[in-house]
Amino acid sequence: MTLICPARRQLLLGLSGVALCSLIPSKAAASRSTKGIRELSLFNRHTGERDDGSYWVDGHYQSKVLNDFNHLLRDHRQNVAAPMDKRLFDLLYSLKTTLNVDDEIHVISGYRSPKTNAMLASNSGGVAKKSYHMRGMAMDIAIPSIKLKTLREAALSLKLGGVGYYPNSGFVHVDCGPVRHW
């Protein structure tokens, strides 16, 4: 039985880690990179407002752009804004990348105050009483150049949260809650 001294063991472990990292494909390594820019362009169908910007630059969220997006995504009925979950913007960016489009994302609903959500829930069976919209974790969206069914399929393929399909209302619901669909 051969014993390896602790210093030699550490050296061997370090070298094996370097060797293992060299086997990772460059595309996988690049996906972990903090370099780059993530941009979104949003249009609120209810208010007619548009905004676009680089919300993430070189690994850092841009608070000014996120605040502008939060305002655009406010509950227009109550004129109340709330911070939207950053993962939701990442989900939209991934969706845009998956679809290979730079088009503006049309927002039908972003943040909803509890008052607005209760009003909508009382008028429709399709509104959850504890909606992720009230937590700033959901959006109802459309991209005019993309068929709604294609948008839904792309959102499902990401497995980043909930996906609801509302073809009669002309939108797809996406949220950054648990992975599920309806």
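Modeller: Let us begin with burial: a residue is buried under 20% relative accessible area, exposed over 50%, and partly exposed in between, with a 1.4 Å probe and protein chains only. Helices (H or I, at least four residues) and strands (E, at least two) are DSSP runs, numbered from the N terminus. The model is predicted, so local features need pLDDT of at least 70 and side-chain atom pairs count only at pLDDT 80 or more, while totals for chains, interfaces and linings use all residues. Residues are numbered from 1 along each chain as its sequence is written, and side-chain values use heavy atoms, with hydrogens and water left out.

Colleague: Which residues of helix α3 are buried?

Modeller: In α3, which spans residues 63-72, they are Val65, Leu66, Phe69, Asn70 and Leu72. Seen down the helix axis, these buried residues fall within an arc of 160°, so they line one face of α3. The arc is that of the directions from the helix axis to the C-beta atoms. Ser63 and Lys64, on the other side of α3, are exposed.

Colleague: What do the buried residues of α3 pack against?

Modeller: They pack against β1 (37-44), β2 (50-57), β3 (60-61) and α4 (86-99). Contact here means heavy atoms within 4.5 Å.

Colleague: Why is Asn70 called buried?

Modeller: Asn70, in helix α3, has 10% relative accessibility, and it therefore counts as buried. Its side chain reaches the backbone nitrogen of Met84 at 3.0 Å. A polar contact is a pair of N or O atoms within 3.5 Å; within protein, one must be able to donate a hydrogen and the other to accept it, and residues adjacent in sequence count only if both atoms are side-chain atoms. Leaving aside neighbours within four places in sequence, Asn70 is in contact with Ala81, Ala82, Pro83, Met84 and Phe89.

Colleague: Why is Asn44 called buried?

Modeller: Asn44 has a relative accessible area of 4%, so it is buried. This residue belongs to strand β1, and its side chain reaches the backbone nitrogen of His46 at 2.8 Å. With neighbours within four places in sequence left aside, Asn44 is in contact with Glu49, Leu72 and Val107.

Colleague: What makes Tyr55 and Phe89 an aromatic pair, and which kind is it?

Modeller: Rings of Phe, Tyr and Trp (its six-membered ring) pair if their centres lie within 6.5 Å; planes under 30 degrees apart count as stacked, over 60 as edge-to-face and the rest as tilted. By this rule there are 4 aromatic pairs. Tyr55 and Phe89 are 6.0 Å apart centre to centre with 45° between the planes, and the pair is tilted. Tyr55 lies in strand β2 and Phe89 in helix α4, so the pair ties together parts that are 34 residues apart in sequence. Tyr55 counts as buried because its relative accessibility is 0%, and Phe89 counts as buried because its relative accessibility is 0%. Tyr55, Tyr61, Phe69 and Phe89 form one aromatic cluster.

Colleague: How do you know that β3 and β8 are edge strands?

Modeller: The open sheet of 8 strands has the order β3-β2-β1-β4-β5-β7-β6-β8, with mixed pairing. β3 and β8 (180-181) each pair on one side only. Two strands pair if DSSP finds at least two bridges between them. β1 and β2 pair in the antiparallel sense over 7 bridges.
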